[in-house]
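Trainee: I've just opened this one. Give me a place to start.

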Amino acid sequence: MNRRLYLAALSCLALAACAGAAITSQPWLEIGPASPWQSTEVDTRIIGLGLPLGSHLAEGVRFAGGVQVLTPTLSPVRSLSDLKLVGTDGFVAVSDKGELVRGRIELDTAGQLIGLGQWRSRRLTLNDGQPITEKIDGDAEGLAILANGDLLVSFEGNHRIWNYGPLDDMRLPTSVVRPVWPFGGNEGMEALASSGSKWRVGGETGGIWDCHTVSEPTCTLVRMPPDEPLKVSDYRTTGMDRDPDGQGWWVVQRAYTPPMDMRARVRRMDEDGALGPVLVELKLPATTDNFEGIAATKRGGKTRLYILSDDNENPLQRTLMLAFDVTP
């Protein structure tokens with residue numbers, strides 16, 4: 001398909017997916033002492049799955065609503081690259097510009113995702129307490145929250161995993177163990193998730209590791225990266241979260257073929273790193289984008305999954321959150 005047809009298809013997709021009017025989210029109101037978090041005004045719009053030709057949901061999977069995030073250029077709520085849930089309806093996200101973002105998931109009476117509110121953000125810091133200002137230092141790609149509440153952030157470019165302490169009482173970051181592997185400059189530890197006091201790391205071009213500090217800091221290879229690193233047009237694992245039942249993991253994968261062919265898949269991952277069947281598949285002309293974050297929880301006896309896309313500050317990309325319910 002040539003570029004003109006692709007642009008036409010994307011326009012049709014936008015019209016089909018963006019069915020709702022824009023709604024300004026409720027502001028976050030600071031309570032108590034001065035906070036390092038800054039309230040951010042964000043508009044959201046309810047969207048659907050777009051044209052059904054491009055979406056495939058496996059048996060037992062149901063679309064549970066979607067939201068597009070509308071923000072001005074250079075807003076801190078852009079380039080969001082991972083997602084985790086906090087409490088009953090809160091979420092935390094990280095951007096590849098070094099921003100940490102929090103908000104609240106809004107559901108209707110039927111449990112459908114209809115909005116995101118109470119947005120606030122703060123700049124991640126270096127280990128000397130100074131705000132991150134350089135892209136090579138602030139390219140955050142993964143988030144994990146340990147059982148004790150500590151927040152882990154994985155970065156690429158300057159590859160590392162830092163522990164920022166509890167989300168509500170963050171401290172100067174300290175390094176934690178990461179896989180000893182020659183990650184590419186822009187192809188690092190894209191997927192990060194916790195299981196108790198341990199964390200699992202997924203490389204963008206392949207490879208799975210389990211890390212911990214139980215006896216001594218170490219990362220164990222779970223699945224070797226392929227001999228030939230995955231290409232951008234291959235499905236790469238870009239986000240991961242622990243199954244809320246404590247058995248296995250959930251992953252989101254992304255494939256990109258220039259100029260505008262972006263695809264996404266959601267799958268389960270076993271403890272040994274093996275991937276199960278594709279449960280959600282999104283491609284044009286359905287609602288799709290550069291999905292990089294995934295979060296899982298239990299709701300009504302089902303597993304509720306949220307996936308988040310990174311717009312890369314690109315006018316042809318969008319920040320989307322989609323919800324899916326998976327019946328056990």
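Mentor: Start with R78. R78 is buried because its relative accessible area is 10%, where buried means under 20%, exposed over 50% and partly exposed in between (1.4 Å probe, protein chains only). Residues are numbered from 1 along each chain as its sequence is written, and side-chain values use heavy atoms, without hydrogens and water. The model is predicted, so local features need pLDDT of at least 70 and side-chain atom pairs pLDDT 80 or more, while totals for chains, interfaces and linings use all residues.

Trainee: Which side chain does R78 meet in a salt bridge?

Mentor: E313. Their N to O distance is 3.5 Å. Salt bridge here means a side-chain nitrogen of Lys or Arg within 4 Å of a carboxyl oxygen of Asp or Glu. Strands are DSSP runs of E, at least two residues, and helices are runs of H or I, at least four, numbered from the N terminus.

Trainee: Is E313 buried or partly exposed?

Mentor: Partly exposed, because its relative accessibility is 24%.

Trainee: Which lysine does E313 meet in a salt bridge?

Mentor: K97, at 3.0 Å, N to O. K97 sits in the loop between β7 (90–95) and β8 (99–107) and E313 in the loop between β23 and β24, so this pair ties together parts 216 residues apart in sequence. K97 counts as partly exposed because its relative accessibility is 24%.

Trainee: How many salt bridges are there in the whole structure?

Mentor: A search finds 24.

Trainee: Show me another pair. What does E204 bridge to?

Mentor: R236, with the closest N and O atoms 3.0 Å apart. E204 lies in the loop between β15 (198–203) and β16 (208–212), while R236 is in strand β18. They are 32 residues apart, so count that as another link between distant parts of the chain.

Trainee: Are E204 and R236 buried or exposed?

Mentor: Both E204 and R236 are buried. They also belong to a network. E187, E204, R236, R254 and E292 are joined by salt bridges that share partners.

Trainee: What counts as a pocket, though?

Mentor: On a 1 Å grid over the protein atoms alone, it is an open set of points for a 1.4 Å probe, with protein on both sides within 12 Å along at least five of seven lines. Lining residues have an atom within 4 Å of a point. The volume is the space filled by probe spheres set on the points, joined across faces, edges and corners.

Trainee: Which elements supply at least two residues of that lining?

Mentor: α1 (3–17) and β19 (249–257) each do.

Trainee: And what volume does the second largest pocket have?

Mentor: About 250 Å³. It is lined by 13 residues, with K84, L85, I145, D241 and A296 nearest its centre.

Trainee: Which strand gives the most to the lining of that second largest pocket?

Mentor: β6, with three residues. At least two residues each come from β6 (80–86), β10 (140–145), β14 (189–195) and β18 (236–242). You have seen β18 already: R236 is in that strand.
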